[in-house]
Amino acid sequence: VVSSGGEVVPAGGGGEPGSEPPLCLSFDQWGSAMWMLFVVAVGNDWPGYMYAAMNGARRRHGGSAGPWLVFWFYAAYFVMVNLLLLNLMTALVIEVYVVEVTRVREELDETSRGDAMLKQLASEMGLGAAGPA
């Protein structure tokens, strides 16, 4: 929503026109830009930072193109990072689970084959029931 002063504010009425997020982050410095991308990736109040960046773009560049480019960047970055990270973490958990289940099954197969061989050997030697007690 665009206020009467030309500032972009949240549609829910939150945030005052011209207000900055708690940590005034921007893409002017490398460290600040990396922190901003981390905040957006984590999802910690990223719309507030997006609105502040949209207002900054409007003040710097004027017109209506700047704020919408900021919006599409933030929205695309948030969706892509969250989808990619969520899918990577899910794939990692599933892969570790499959490897562990396969390892345990192989160990159980080896143990059961060994027990069967001991029983067969004991019966051939006439020892009766043999094996671990």
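A salt bridge is taken here as a side-chain nitrogen of Lys or Arg within 4 Å of a carboxyl oxygen of Asp or Glu. By this criterion, the side chains of Arg103 and Glu100 meet in a salt bridge, with 2.7 Å from N to O. The structure is a predicted model, in which local features need pLDDT of at least 70 and side-chain atom pairs count only at pLDDT 80 or more, while totals for chains, interfaces and linings use all residues. Residues are numbered from 1 along each chain as its sequence is written, and side-chain values use heavy atoms, with hydrogens and water left out.

The chain contains three helices and zero strands, where helices (H or I, at least four residues) and strands (E, at least two) are DSSP runs numbered from the N terminus. Read from the N terminus, the order of elements is α-α-α. Of the 133 residues in the chain, 23% are buried; buried means under 20% relative accessible area, exposed means over 50%, and partly exposed lies in between (1.4 Å probe, protein chains only). The chain exposes about 9600 Å², of which carbon and sulfur atoms supply 67%. Accessible areas come from the Shrake-Rupley method with a 1.4 Å probe, and for residues only the protein chains shown count as cover. Among contacts with a separation of 6 or more, 47% are between residues 24 or more positions apart, a contact being heavy atoms within 4.5 Å.

The interior was examined next. A nonpolar core is a set of buried Ala, Val, Leu, Ile, Met, Phe, Trp, Tyr and Cys residues joined through side-chain atoms within 4.5 Å. The largest such core has 11 residues, namely Met36, Val39, Val40, Trp46, Tyr49, Met50, Tyr51, Met54, Ala57, Val70 and Tyr74. Helix H1 (30-42), helix H2 (46-61) and helix H3 (65-125) are the elements that give two or more residues to this core. The most comes from H2, which gives six residues. In soluble globular proteins, nonpolar side chains tend to be buried together. With neighbours within four places in sequence set aside, Tyr74 is in contact with Phe27, Met36, Val40, Trp46, Tyr49, Met50 and Ala53.

Gly66 is placed in helix H3. Its relative accessible area is 13%, so Gly66 is buried.

Aromatic rings were then considered. Rings of Phe, Tyr and Trp (its six-membered ring) pair if their centres lie within 6.5 Å; planes under 30 degrees apart count as stacked, over 60 as edge-to-face and the rest as tilted. Four aromatic pairs are found in a search of the whole structure. One of them joins Trp35 and Phe38 in a tilted arrangement, at 5.3 Å centre to centre and with 35° between the planes. Both residues lie in helix H1, three residues apart, about one turn of the helix. Trp35 is partly exposed because its relative accessible area is 42%, and Phe38 is partly exposed at 46%. Phe71 and Trp72 form an edge-to-face pair, 5.0 Å centre to centre and with 70° between the planes. Phe71 is partly exposed, with a relative accessible area of 25%, whereas Trp72 counts as exposed at 57%. Phe73, Tyr74 and Tyr77 are linked into a cluster by ring pairs.

On the surface, Trp35 and Phe38 also belong to a nonpolar patch with Val42, and the three together have about 320 Å² of accessible area. Patches are made of residues with over 30% relative accessible area and no salt bridge; like charges are joined within 9 Å, and nonpolar side chains (Val, Leu, Ile, Met, Phe, Trp, Tyr) within 5 Å.

The structure holds two salt bridges. Arg103 and Glu100 both lie in helix H3, three residues apart, about one turn of the helix. Arg103 also forms a salt bridge with Glu107, the closest N and O atoms being 2.8 Å apart. Arg103 and Glu107 are separated by about one helical turn because they are four residues apart in helix H3. Arg103 is partly exposed, with a relative accessible area of 38%; Glu100 is partly exposed at 36%, and Glu107 is partly exposed at 41%.
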